[in-house]
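Here are my notes on the model you sent.

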Number of protein chains: 2
Amino acid sequence: MKTSENRLVERITVSLEPPPRTNLRVAIGDDAALFAPRKGHQSILTCDWFLEGTHFLRKVHPANSVGWKSLARALSDIAAMGGRPKCFLLSLAIPENLITSWLTQFLSGLRCAAARYQCPLAGGDTTRRTEILVSITVVGEIRSGTAILRSGARPGDLIYVSGRLGEAEFGWNLLRKGRTKAAREELAKTGKIHGPLRKHLFPEPRLSLGQWLAAQKLATSMMDLSDGLSTDLPRLCAASRVGAFINSTHVPLSPLKREGKLRSNSTAGRRRALQLALDGGDDYELLFTADPRRACRIPSSFRGLPLTRIGEITRDRRLILKSESGNVALQSRGWDPFRK
Amino acid sequence: MKTSENRLVERITVSLEPPPRTNLRVAIGDDAALFAPRKGHQSILTCDWFLEGTHFLRKVHPANSVGWKSLARALSDIAAMGGRPKCFLLSLAIPENLITSWLTQFLSGLRCAAARYQCPLAGGDTTRRTEILVSITVVGEIRSGTAILRSGARPGDLIYVSGRLGEAEFGWNLLRKGRTKAAREELAKTGKIHGPLRKHLFPEPRLSLGQWLAAQKLATSMMDLSDGLSTDLPRLCAASRVGAFINSTHVPLSPLKREGKLRSNSTAGRRRALQLALDGGDDYELLFTADPRRACRIPSSFRGLPLTRIGEITRDRRLILKSESGNVALQSRGWDPFRK
């Protein structure tokens, strides 16, 4: 009596079955999920594509990374509002011959992220397809009136980023060029993976930082860096109807330890690291602004994560980068699926 | 400064910009949407694929039908719980050369469905792809404790369906075989389309019926018929841990007016119509059960939509069809993307 689709849904359900939670009333197995929002809170809704060939390569990216990252990317949007994730929906299209070990590994990565960030599966949709397609919707929650929007930046506000920028893109370059022998050996030996490759394969949405900034009312605007600073900062500025001045020497760079002959301390190395930091995608760090009168309350690091002031919001709506060769217009060269 | 992705998001936003609504706080243009659920209500969450090659064909299905149906399918899941839609998220992957008239028509169909069912766009994600991929998430709402689940059917409950079954599949057969000249002429002449083709291209989620059944507490269980009665009824029965007895002569059939030489009143015509009604997908009618003591309150039609009693829930967990040749086991032959 059971159809193959029913069996696939069962496998997903068994792998990801959520712990009983008081606010997730009906999870998988009905037409839709029922979720009871808490009084005085708003729901946060976001969805994200994660598509084979566009966002990952089947032969290059481990299936557990695909599972982890598909959820982590969407969770990063919840972090960017200062919210807490509550549950997610999984839309999965998959070739039939992958409903074996690939699916097991994919669900394992997804389960790890769901457990780590306390965001259980609530439902979804499955179908067959020659390529792997993933679309994730996350529902989060935040106390009404405390969400940090992109539109709140004011002239004079200071601009901050978390972590180091360009590290995920650097990791992707290593992976693409097959220069990941050391990392793979480390993974095989210790079961763990570190550095740029980890940042590319298993990014960590900055949920705690976002929630802290929202609770303390320290950020006037915020977004996550998914497409690169040079593409995302203009979006925040457009939403706030302001400009920005970025000091390139303040941008926290990724150390280029393993990229051929380039060294972070050489001029060419610094240039390459800056380019990665401005244009590299997939960092999932937070970009936020703060009123200068409250900026003294922003620490230089939050639970081990560096927070760095990189510039200032301006009334003039241009985006200016102070570089070695003087002030130049910041060019959007980050990730854009429609760029030719 | 604007990236092509930003421009696409702008086009979608302008086409679908929602009317100001008190419970949709931040719509498009931020990392995520904020939605304020009403007190005493639960949120309903559902997502649905609508993929080129799997669910529609670019050369066969008009773009406005693709837009309408992608939302209507997901709304049908909200109807199946008895809920009211509140907003939706659109994940769209599209080839660059279609960001012209195809996209305009797609958004036009989507806008019609969004306006008709009062379900504004709240956000989404876009990317480039050689094939058109759509994933829609709908957030609905229902008074806490009144959602109608699949799991509530009890032995002795009567089984009902809305509308006529198999009509959408019949429309698809006409379209596939190119037998839609009359319908296309009618469309060109009157701007309207009727009958099986309309049912296939522009299905109507049964939201009012679902809400009425929930408010009146008349249905013990409910789901929508998306994959065909023979595939969906077993799902309802499995969730309720019951079986069912269906009388084939009571199943409301679609009249086969235009399928070659078959006529509804011939034996072969009736057989073909029954097969479509049992196994045809995409009807988006409601399947529900009712306690026999309250069944007198279920009318024979609801706002012009027929409601038909087709059988009874049994304690014995088998699914039996009473047919011309006696009682037989109901075989699941509906839509299953993983069936070989």
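This is a predicted model: local features need pLDDT of at least 70, side-chain atom pairs count only at pLDDT 80 or more; totals for chains, interfaces and linings use all residues.

1. For what follows, two residues are in contact if their C-beta atoms, placed from the backbone, lie within 7 Å. By that criterion, 100% of the interface residues of chain B are also interface residues in chain A, so the copies meet through the same surface.

2. Chain A has a mean pLDDT of 89, and 89% of the residues in chain A reach 70 or more. For the complex, the predictor reports an ipTM of 0.88 together with a pTM of 0.90.

3. How many residues does each chain give to the contact? Chain A contributes 60 residues and chain B contributes 60 residues. On the side of chain B that touches chain A, the largest share is nine residues, from strand 3 (residues 41-51) of chain B. By residue class, that side of chain B holds 29 nonpolar, 16 polar and 15 charged residues.

4. Strand pairing also links the two chains. Strand 3 (residues 41-51) of chain A pairs with strand 2 (residues 33-35) of chain B. The sense is antiparallel, and the pairing runs over three bridges.

Notes:
Residues are numbered from 1 along each chain as its sequence is written. Chains are lettered from A and ligands numbered from 1 in the order in which they are written. pLDDT is the predictor's confidence in each residue, from 0 to 100. Helices (H or I, at least four residues) and strands (E, at least two) are DSSP runs, numbered from the N terminus. Ala, Val, Leu, Ile, Met, Phe, Trp, Tyr, Cys and Pro count as nonpolar, Asp, Glu, Lys and Arg as charged, and the others, Gly among them, as polar. Two strands pair if DSSP finds at least two bridges between them.
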